[in-house]
Amino acid sequence: MSGSVTVCIVNHDGGGRLLRVVDAASALGDSVAEVLVVDSGSEDGSPERLARERPEIRTVRLGANLGPAAARNRGLDEAAGDRVLFLDNDVFPDPDCLGRLESALDAREGAVLAMPRVVDDAEPGRVHFEGADAHCLGQLAPRRPVTEGGGAASAVEVGSMVSACFLVDRRRLGALRFDEGFEFNYEDHDFGLRCRIAGLALLAGPGARCRHGGGTPGYSARDGRPDPPGRVRRLVAGRWMILWKCYARRTLVLLAPALALYEAVQLAWVVRAGRYGEWREAVAELLGRRAELGALRHEVRASRRARDGSLLVGGPLPVREGLATGSVERSVLRLLGAFASGWWRLVRAFS
């Protein structure tokens with residue numbers, strides 16, 4: 001294994017579980033050069049408690065909640081190690097997790113990051129995801145093995161990333177950074193897809209595992225819970241930003257029928273759910289940022305080493321379980337996913 005590793009924990013109102021994450025990070029073995037906490041505007045006293053109870057841990061405080069993208073970028077800049085293992089403040093890696101992720105990166109020269117299998121903290125037999133793919137309609141599509149079995153014996157290449165836990169090699173990453181224009185949600189998918197567009201590989205599995213807790217209060221959603229305020233706006237705007245920035249013009253033209261149908265179904269859902277105001281705010285946000293997004297689109301195009309046809313996938317729509325509450329809604333989503341997948345199979349060779 002090459003180089004030392006900084007474990008960077010991104011914290012916003014992590015409460016008492018932050019100490020548990022720090023302790024899990026400290027138990028990852030001799031490859032760990034330091035444990036670094038980047039705090040993004042916590043107001044729950046968690047950074048103060050960390051300073052009292054774990055004074056040896058270096059903490060960088062951003063002073064305001066600037067979002068996870070800004071916190072991860074600061075972690076990349078502050079890290080002492082050539083590799084950085086990022087952990088959310090509710091993620092608890094197994095003791096051998098880092099070693100397995102390092103081995104996966106060592107074995108694949110063109111890989112820039114590796115991710116473990118992420119399982120539920122309370123129910124370890126329940127798999128949350130093991131990497132992700134880039135769905136042709138713009139969403140992040142988490143890869144979810146059916147049962148927990150320790151993860152694949154060897155790493156597999158995937159199309160995007162989920163940011164709960166990942167090891168990144170800064171030397172291979174170069175100047176590529178997270179887009180801080182994403183408030184919350186989709187900043188990981190944008191980063192992963194831009195890595196793939198630039199010709200870098202993303203790995204998932206290698207037998208590595210971590211446990212995933214309850215998420216960030218006021219931001220995260222879990223099955224059976226209602227969406228937090230503003231989440232619909234963030235998801236709608238984030239997906240459109242992905243399409244605008246990362247998809248080639250030819251791809252957007254080829255996918256136009258499927259994208260138009262998706263937008264109609266999405267608008268009908270937000271109206272029915274009483275979230276039209278958030279959809280309208282998302283539209284206003286994107287229109288207000290169109291010049292900025294155009295410049296970012298130009299940067300992505302200049303970095304392109306892989307075509308969309310080799311990066312995007314079809315398949316069922318990656319909709320959170322429980323979001324479609326009735327049989328009609330579930331049927332509409334199945335039909336929409338089938339249409340989009342079939343259409344993508346027809347046009348992907350030209351993308």
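Analyst: Let's go feature by feature, keeping in mind that this is a predicted model.

User: Helix packing to begin with. At what angle do the axes of α1 and α2 cross?

Analyst: Roughly 50°, with the axes of α1 (residues 17-26) and α2 (residues 46-53) coming within 9 Å. That makes α1 oblique to α2. As for handedness, the crossing of α1 and α2 is right-handed.

User: Which residues meet in that contact between α1 and α2?

Analyst: From α1 you have Leu18, Leu19 and Val22, and from α2 they meet Ser46, Arg49, Leu50 and Glu53. By residue type, the contact splits into four nonpolar, one polar and two charged.

User: On to salt bridges. How many does the structure hold?

Analyst: There are 36 salt bridges in the structure. When you read one, check the N to O distance, then where the partners sit, then how exposed they are. Take Arg54 and Asp23: their closest N and O atoms are 2.8 Å apart. This pair links distant parts of the chain, with Arg54 in the loop between α2 and β3 (58-61) and Asp23 in helix α1, 31 residues apart. Asp23 has 35% relative accessibility, so it counts as partly exposed.

User: Which helices does the salt bridge of Arg272 and Glu329 tie together?

Analyst: The side chains of Arg272 and Glu329 meet at 3.1 Å, N to O. Arg272 lies in helix α9 (residues 256-272) and Glu329 in helix α12 (residues 327-347), so the bridge ties together parts that are 57 residues apart in sequence. Look at the accessibility too: Arg272 counts as exposed at 64%, while Glu329 counts as buried at 15%.

User: Now burial of a whole helix. How many residues of α6 are buried?

Analyst: Count the buried residues along the helix. In α6 (residues 187-197), 11 of the 11 residues are buried, so the helix is largely enclosed by the rest of the structure. The buried residues include charged names you'd want to look at, among them Glu187, Asp188, Asp190, Arg194 and Arg196. Phe191, Leu193 and Ile197 are also among the buried residues of α6.

User: Last one, backbone angles. Which residue with a positive phi follows α6?

Analyst: That's Gly199, with a positive phi near 90°. Tyr186 sits in the loop between α5 (170-173) and α6, and it is buried, with a relative accessible area of 11%.

User: What is the phi of Pro206, and where does Pro206 lie?

Analyst: Pro206 has a positive phi of about 30° although it is not a glycine. Pro206 lies in strand β12 (residues 201-212) and counts as buried at 8% relative accessibility.

Notes: Residues are numbered from 1 along each chain as its sequence is written. This is a predicted model: local features need pLDDT of at least 70, side-chain atom pairs count only at pLDDT 80 or more; totals for chains, interfaces and linings use all residues. Side-chain values use heavy atoms; hydrogens and water are left out. Axes are lines fitted to C-alpha atoms, for helices over the stretch in contact, and angles run from 0 to 180 degrees between N-to-C directions. Helices (H or I, at least four residues) and strands (E, at least two) are DSSP runs, numbered from the N terminus. Angles under 35 degrees count as roughly parallel, over 145 as roughly antiparallel, 65 to 115 as roughly perpendicular and the rest as oblique. A crossing is left-handed if the near helix is turned anticlockwise from the far one by less than a right angle, and right-handed if clockwise. Contact means heavy atoms within 4.5 Å. A salt bridge is a side-chain nitrogen of Lys or Arg within 4 Å of a carboxyl oxygen of Asp or Glu. Buried means under 20% relative accessible area, exposed over 50%, partly exposed in between (1.4 Å probe, protein chains only).
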